[in-house]
Structures are given as C-alpha cells and as structure tokens.
Amino acid sequence: MRRGDFGIALLLLLATLLSVVPQIRLQDWTGTEGRRVQVSTEMLQSGDYLLPTLSHQPIYTKPPLHYWLTAGAQSLFGDGYVAARIPSVVLLWGLAVLAFVLQRRVFGVGAAWVAALGILWSPLVLAEFASAEIDPLFASLTAASLFLLAAGAGERRRGLLFAAGAVGGLAFLEKGPPYLLFASGAWLVWWRHRGGRGFLVYALPLFLPLLAYYALLVILRGDAQGLGST
C-alpha cells in the first residue's frame, strides 16, 4: 500500500456511486432481477443456504454465490431495491480499484486513472451494472480474475496467480462454466508465451471451491440425478 491509496479508493468509490445513479434507484425490477431476489428471499426465510429454491422448488441451473451475496445484502440493508443491487456496486468498485493498482505498477498513475474510470464510466456499466442480476457480478469477478492472471503470468508472481484462481473460483460459483469461455483465450496466450508455468497454483483455488460445494450438495441433499440432469 502506498501513501494516499486510501484517498484514491475513496475517490473511486465516489466515481462508482456516480456511475450507478440513477440505475440503482429504479423502483422496479428489470429483466430477471425479481427472480434472483425471490430466490435469495426464500434462502433467508428458510435458513437453507446450501440449495437455492424458487417457489420452494430446488434449482440447480446456477451456482449459489449470487444468492448468498444478495441475501447478505438484504439481511444487512433490508428488502428494498437498492439493497439487492449493492453487491454489484461493491464488486464494480473493487474491480476499478484493482485495475488502478495493477495499471499503476506498470504504466503509471495517468494510465491507472484511465483504466479505472474507463471501467466505471463505460456505457454498459452506466446502463446496467447497478442490478440484482447475475451478469454484472459475474463480469466484475471474471475481469478481476483475468487482470490478476495477466499480471501474475507476465511477472511470474505466484501470489497473483493464486489470487487469480481464487477470484475465478468465485466467478465460477457466480455463474458456472461461462467463466471458462472467457478464460480459455487467456490460457492460450499464457501457454504460448510462458508455457503455462504456475498453472496448478492458479487451477487449485479455481476448481476446488466449486467441486467442494457440489460434493457437499450431493452428500447432504442426495439428489445427484437432479443435479446431473441439469
């Protein structure tokens, strides 16, 4: 941490808040927001955080991280529209801070501000990221994982590779296999230029949490057939 980093983080938080207004204040659900919030609400009501349900029927189509985060925000801030959208805003801010730190190390402060503000004020972020949908959180986690992967592989830093895998594991728990679609291109470049050195350091925290969750789900719920068919 450098002197002044706390102030930079606060400035980026302010920029993040500016970028999500008025989207975060919409007094209605858009797209499938209502469906996502209903699942997290049922999770809170039942106290069962292992298996998401909709209309009290198990759903296996998405991993549970999104519902955990939304339920956590609801338990802290209430059941309003803003509360359910807070996780997307927090992860967007975290992505901007990460982009600033990684870009500054290589290209300097000016490039770091361009990278961070370019994320926060891009048209798609302004239009849709303050949402209770799955995709904004998935996009932030996937981008953060690939940023860390590029830095870790390029600089041969195992700590960054481990962090890339851990954040990628969260992206996997957010939406599942679509993470591989985005990561595969980065893996090809990695193998071409670095021979994939350190891949195991990255892969273990990427896959183990997901495997552990589904193993626990099968053991405790015993519905391997339903999970497999999905």
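Start by selecting Arg-105, Glu-155 and Arg-157, which are linked in a network of salt bridges. A salt bridge here is a side-chain nitrogen of Lys or Arg within 4 Å of a carboxyl oxygen of Asp or Glu. Zoom in on Glu-155 and Arg-157: their closest N and O atoms are 3.8 Å apart. Glu-155 is partly exposed, at 33% relative accessibility, and Arg-157 is partly exposed too, with a relative accessible area of 40%. (Buried means under 20% relative accessible area, exposed over 50%, and partly exposed in between, with a 1.4 Å probe and protein chains only.)

Before moving on, note that this is a predicted model, in which local features need pLDDT of at least 70, side-chain atom pairs count only at pLDDT 80 or more, and totals for chains, interfaces and linings use all residues. Residues are numbered from 1 along each chain as its sequence is written, and side-chain values use heavy atoms, with hydrogens and water left out.

Select Arg-104 and Asp-5, whose side chains meet at 2.9 Å, N to O. Arg-104 sits in helix α4 and Asp-5 in helix α1, so the pair ties together parts that are 99 residues apart in sequence. (Helices, H or I with at least four residues, are DSSP runs numbered from the N terminus, as are strands, E with at least two.) Both Arg-104 and Asp-5 are buried.

Next, pick Arg-85 and Glu-33, another salt bridge at 2.9 Å, N to O. Arg-85 belongs to helix α4 and Glu-33 to helix α2 (residues 33-46), so this pair ties together parts that are 52 residues apart in sequence. Are these two buried or exposed? Arg-85 is buried, with a relative accessible area of 0%, and Glu-33 counts as buried at 0% relative accessibility.

**Into the core**

Now select Tyr-179 and Tyr-202. Of the 51 residues in the largest nonpolar core, these two touch the most other members. (A nonpolar core is a set of buried Ala, Val, Leu, Ile, Met, Phe, Trp, Tyr and Cys residues joined through side-chain atoms within 4.5 Å.) Helices that each supply at least two residues of this core include α1 (5-20), α4 (81-107) and α10 (199-221). Apart from it lies another core, of 6 residues, among them Met-43, Ile-59, Tyr-67 and Ile-134.

Trp-190 and Tyr-202 are both buried.

**Out to Phe-182**

Phe-182 is also in helix α9. At 48% relative accessibility, Phe-182 counts as partly exposed. Leaving aside neighbours within four places in sequence, Phe-182 is in contact (heavy atoms within 4.5 Å) with Phe-138, Thr-142 and Leu-146.

**Last stop: the surface**

Finish with Leu-14, in helix α1. Leu-14 is partly exposed, at 48% relative accessibility.
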